[in-house]
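Hello,

Here is the structure that I am handing over to you. My notes on it follow below.

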Amino acid sequence: MPLRPLRDERRAAAARALRPRPRGRGEILDVGDGVSGLAQGDRVLLCWLPACGTCPACRRGQTQLCLAGFLNAGTPNFKRPGGDVFGFAGTGTFAEEVVVDARCAVPIPDDVPFDIAALIGCGVTTGLGAAINTADVRAGSSVAVIGCGGVGICAIQGARLKGAAQIVAVDPVASRREAALTFGATEAVPPDELADAKQRITAGEGFDYVFEVVGKSATARTAYETTRRGGTLCVVGAGAMDDHLRLNMFELFFDEKRILPSLYGGGDVVQSYERAIALWRAGRIDLANLITHRVRLTEINEALDQMRTGTSLRTCVEI
Ligand SMILES: NC(=O)c1ccc[n+]([C@@H]2O[C@H](COP(=O)([O-])OP(=O)(O)OC[C@H]3O[C@@H](n4cnc5c(N)ncnc54)[C@H](O)[C@@H]3O)[C@@H](O)[C@H]2O)c1
């Protein structure tokens, strides 16, 4: 497919790719000419940010920064007259059959159920990686996670694995706060109680690590203010291309807060999948309970409503 590598297109593609979206898994029905390493019948998960393997970022082991994958992520596979597009992020997981770039199909071991694999294809890799790869949370530290959807819950699990002493989950939705407590948060508060929690838990200093997992300028600003001086703000939420987030030059240098963005787990993508599978297999992370609802493909609108309202943590579409 001809691609024009214009900066704005890349950024727009990435912005589309990072909205909360379904992730998928399946079985290979056929492979195209010249594809090696994949065969009919292979069980795979679908990667929305595949690595080309040859660019400078891939050669450095930062496959999450591969620009070829970046462009693929926002390029629909099919179009019809009138402008409708089919398939998202090159993966199109609301369909019984999809055509994907071979690099998007990553084989999974036989003991990994399809629903677990679908979770690993995005939110699990992103949230766990933010805590483990990007922020590299230190044992005994204090953590706040702002936004407790599927990604935030996995950041909580990652912080728990790294030995954080306090993990405060922040979310306006009561069911999400309750869920966060079952995945490792030590307490859960609505956004308007975060300032009190910061005062109570850190004597007003701020948390060692704060994860922004909503994707809004306002919550990113709150996250910055909730981080202690010298602490780490890890930006996971995918925000808009606007200039609403204000940081002044004085606070930037004087507070010495480390602002660390985390894209798709902040590390080699396939290695992150393998780590998530190993942790799941060892019972060290809970993935099954991330799926709170299941629907058939014909009930897809219900799944979207559940996602938008926060009724479900993750809805699995049975195809
Ligand atoms: N960095 C990446 O590579 C990457 C990858 C995938 C998704 N994302 C982004 O991560 C974010 C989270 O994804 P998700 O699937 O968990 O989404 P989600 O919609 O399931 O969860 C977001 C949560 O934020 C909560 N929230 C809303 N306003 C809030 C506020 N003011 N304070 C605290 N919490 C608030 C919502 O109630 C919800 O529970 C999204 O922005 C998504 O686009 C980033």
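**Around the ligand**

Sorted by class, the residues of the shell around the ligand are 16 nonpolar, 11 polar and 3 charged. Here Ala, Val, Leu, Ile, Met, Phe, Trp, Tyr, Cys and Pro count as nonpolar, Asp, Glu, Lys and Arg as charged, and the others, Gly among them, as polar.

This is a predicted model, in which local features need pLDDT of at least 70 and side-chain atom pairs count only at pLDDT 80 or more, while totals for chains, interfaces and linings use all residues. Residues are numbered from 1 along each chain as its sequence is written.

G147, G149, V151, G215 and A238 come nearest of the 30 residues around the ligand (near: the C-beta atom, placed from the backbone, lies within 6 Å of the molecule). The elements giving two or more residues to this shell are α4 and α5 (150-161). Helices (H or I, at least four residues) and strands (E, at least two) are DSSP runs, numbered from the N terminus. The ligand lies between domain 1 (7-123 + 268-318) and domain 2 (128-261), because both give residues to its shell; the bounds come from an automatic or database domain assignment.

**Two positive phi values**

D136, in the loop between α4 (114-134) and β6 (142-146), is not a glycine but has a positive phi near 50°. Y264, also not a glycine, has a positive phi of about 50° and sits in the loop between β11 (258-261) and α10 (269-281).

Which of them is buried, and which partly exposed? D136 counts as partly exposed because it has 13 C-beta neighbours inside 10 Å. Y264 has 24 such neighbours inside 10 Å and so counts as buried. (Buried means 20 or more other C-beta atoms within 10 Å of the residue's own, exposed 12 or fewer, partly exposed in between, with C-beta atoms placed from the backbone.)

Regards
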